[in-house]
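Open the model in your viewer and keep the sequence panel beside it. We will go from one selection to the next.

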Amino acid sequence: MVGLPEVLALDETGPDRFRSDPIPSEWARTFGGQITAQSLMAAARTLDRSYSAHSLHGYFLRPGRPHEPTVHLVERLRDGGSFCTRRVTAVQAGEAIFTVTASFHRGDEGFSHQVDMPAVPAPDDIPESDRINGWGMPRPAEWSHWEMRWVPGDERGHAPGAPACQRVWIRYGRPLPDDGAVHACALTYLSDMALLGSARLPHPPTAVQGASLDHSLWFLRPFRADEWLLYDQVSPSAEHGRALTRGRLFDPGGRLVAAVAQEGLMRFDRPRPTKGGDREISLSPPASAVPDPR
């Protein structure tokens, strides 16, 4: 399967306009982390590298088609001395499928504090898994370049006040260039991996339609995505066919490097009309696919 550098290789086709080629996929819908990472890279390409991404907030508007190219249109909302803001709209066949607002910061001096990292086994003490914990699905082929070590249930501890919790060590399995924008985009990609699956944990096996609806990410401290990161995932609520999930990412030294929040579709599976008027039952898509609004 195509590696992350190829996913992030965008062609500049005009002022503030970038094109990403089709990425082979076994899914019918584009992985949400992929389209978000590509849009962030498009925004970063319009900035001086003295600025680095510190937050993004995106909405998945329509299902992305992985076998078609995507155009990323960048709007320069603000260029300031300390902060710059970009809005990116990802378009396929003339329709917006995703929009994100990203903010970039040069960094300043200020206070410093953080929560403690959960006490979990080191990644080298946990075997590799070929399944997505929480969903129990086989690991997708397009995630084959990522190394994942799921913390066993009896050792992952409990998140106070959260009915569902899962933890995984994760890193990109090949060296990435010394480029902060690449590592920010890599973390953006991985931040959507299996996050919605945490909302499945307290419930019995049931066929559902699951998909990311929106995604927010904050970059807090420097990191490398080709080194181990502990992804602590919780789901504080599920209701009305939607689930709220949150995540925290720590480096092996215990530094909190990023935080994530996402609401996702998680409704009971139901028949959907086909073009011919018949009804079909859709299987549960990957937790981070863009939803089909039909």
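What follows is a tour of a predicted model, stop by stop.

**Stop 1: colour by confidence.** The mean pLDDT of the chain is 89. A score of at least 70 is reached by 88% of the residues. Now select residues 276–294, where the pLDDT is below 50. Beyond near neighbours in sequence, this stretch still makes 70 contacts in the model. Where pLDDT is low, predicted coordinates should not be read in detail.

**Stop 2: the sheet.** Show the strands as cartoon. Twelve of them, 12 strands in an open sheet, run in the order E1-E2-E4-E5-E6-E3-E11-E14-E13-E12-E10-E9. Their pairing is antiparallel. Which strands stand at the edges? They are E1 (11–14) and E9 (146–150). Each has a single partner strand, so one side of each lacks a neighbour in the sheet. From one strand to the next, the twist averages 25°.

**Stop 3: the E3–E11 pair.** Select residues 52–60 for E3 and 208–219 for E11. These two strands are antiparallel and share 5 bridges. Pick out Leu-56: its bridge partner in E11 is Leu-217.

**Stop 4: helix H3.** Select residues 180–190. H3 packs on the sheet, where it touches E3, E9, E10 (164–172), E11, E12 (229–239), E13 and E14. The direction of H3 makes about 150° with that of E11. Is this helix mostly covered or mostly uncovered? Mostly covered: 10 of its 11 residues are buried. Among them are His-183, Cys-185, Thr-188 and Tyr-189. Now go to the N-terminal end of H3, which Asp-179 caps. Look for a side-chain oxygen of Asp-179 lying 2.9 Å from the backbone nitrogen of Ala-181.

**Stop 5: helix H2.** Select residues 32–44. H2 lies across E2 (17–20), E3, E4 (70–79), E5 (83–92), E6 (95–105) and E11. Its angle to E6 is about 55°.

**Stop 6: Asp-251.** Find the loop between E13 (242–250) and E14 (256–268), which holds Asp-251. Show its side chain. What does this side chain reach at 3.0 Å? The backbone nitrogen of Gly-253. A polar contact of 2.7 Å also links the side chains of Asp-251 and Arg-255. Why does Asp-251 count as buried? Its relative accessible area is 12%, and buried means under 20%. Finally, display Met-117, Trp-228, Leu-229 and Val-257: Asp-251 touches these, leaving aside residues up to four places away in sequence.

Note on methods. Residues are numbered from 1 along each chain as its sequence is written. This is a predicted model: local features need pLDDT of at least 70, side-chain atom pairs count only at pLDDT 80 or more; totals for chains, interfaces and linings use all residues. Side-chain values use heavy atoms; hydrogens and water are left out. Buried means under 20% relative accessible area, exposed over 50%, partly exposed in between (1.4 Å probe, protein chains only). Helices (H or I, at least four residues) and strands (E, at least two) are DSSP runs, numbered from the N terminus. A polar contact is a pair of N or O atoms within 3.5 Å; within protein, one must be able to donate a hydrogen and the other to accept it, and residues adjacent in sequence count only if both atoms are side-chain atoms. Contact means heavy atoms within 4.5 Å. Two strands pair if DSSP finds at least two bridges between them. Axes are lines fitted to C-alpha atoms, for helices over the stretch in contact, and angles run from 0 to 180 degrees between N-to-C directions. pLDDT is the predictor's confidence in each residue, from 0 to 100.
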